[in-house]
Amino acid sequence: MGKKRKQIEAEVVEPEEIPERPKRTLLGWKDKSQVPDKETDSKVFRNKEKYIDSVCAVVCRYRHLMLNMVSILPHCKKDNKVESKATKGATMNELVELRSCSSCLFFECRKHKDLYLWMAKCPNGPSVKFLVNAVYTMEELKLTGNHLKGSRPILTFSNNFDKDAHWKLLKEMIIQIFGTPKEHRKSKPYHDHVFVFSIVDDHIWFRNYQISDKGPREDREKMTLIEVGPRFCLNPIKIFGGSFGGPTLYENPFFVSPNQIRALEKRKKAGKFAKKVKAKTRRKMHELSNPLEPDEFADMWKE
């Protein structure tokens, strides 16, 4: 029989007192004296703006435009195609929430011809619907400009954006969506290109220029702008109070649907054929009403 070992009583160690975690709210710390060192040192506002880029049944040219937008905006996330039409708004809001984004650019193609762009702040709005015209991608332009990929752009606007309330709203949305946040993990700490937004004939024209500095930094006169691309034109249709829907805040009275334009062109072509038919009938009626007199010498040479 083996001997039983003596049971040694384990020493009871009293747990150390763990300091309470400082309470925090959505607006900041309740007791500012308990703020950690990292929070006190960094007093700079951190912009966590991100947006998602998605498409719906687009053709190859418009898909290349979307890829160009992804390449020049480093704070974006690309998503797959969205096929649901009835619940498009709810589907997009869910995708934006899953991707932890606050904005959305949604490219929608109709009849493989017309491109519509939804620019929305999710999930509470507002949102804008544009008709995209005059699309030229980077591959089509083949210009000499070439800026650093991932660099932060400088946004410039024309003076027309400060005239009306709807243009001011669009300007603020463009600043929040197209402006790359400072110290973003995918961005470079350089400003070597400019996004130009200008209003001409109630349309927003977009251009992307590279800042080319050929001389020394002191000589600012030698700085030039070289267009890189892409370029496109945005025709605002409606501004909604919610995300992908809601009450209509603004409606463009000068907007004409591309379907109506194509219908008018078809009517013009149909009008040409109708004019030809009417001219033939008028010629026949004129010949019947005004018959020619018989020619005396018509049968002279038949013999």
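Started with helix α6, which is hardly covered: one of its 32 residues is buried (under 20% relative accessible area; exposed is over 50%, partly exposed in between, 1.4 Å probe, protein chains only). Helices here are DSSP runs of H or I with at least four residues, strands are E runs of at least two, and both are numbered from the N terminus.

Before going on, I noted that this is a predicted model, with pLDDT of at least 70 needed for local features and 80 or more for side-chain atom pairs, while totals for chains, interfaces and linings use all residues. Residues are numbered from 1 along each chain as its sequence is written, and side-chain values use heavy atoms, leaving out hydrogens and water.

Next I checked histidine 193, which sits in strand β9 (residues 193-200). Buried or exposed? Histidine 193 is buried, at 0% relative accessible area. I found its side chain 3.1 Å from the backbone oxygen of serine 151, and in a 3.3 Å polar contact with the side chain of asparagine 208 (N or O atoms within 3.5 Å; within protein, one able to donate a hydrogen and the other to accept it, and sequence-adjacent residues count only if both atoms are side-chain atoms).

Then histidine 166, in helix α5 (residues 165-178). I logged histidine 166 as buried because its relative accessibility is 15%. Beyond four places in sequence, histidine 166 touches Ile239 and Tyr250 (contact: heavy atoms within 4.5 Å). Last, I looked at glutamate 251: 85 residues from histidine 166 along the chain, with 9.6 Å between their C-alpha atoms.
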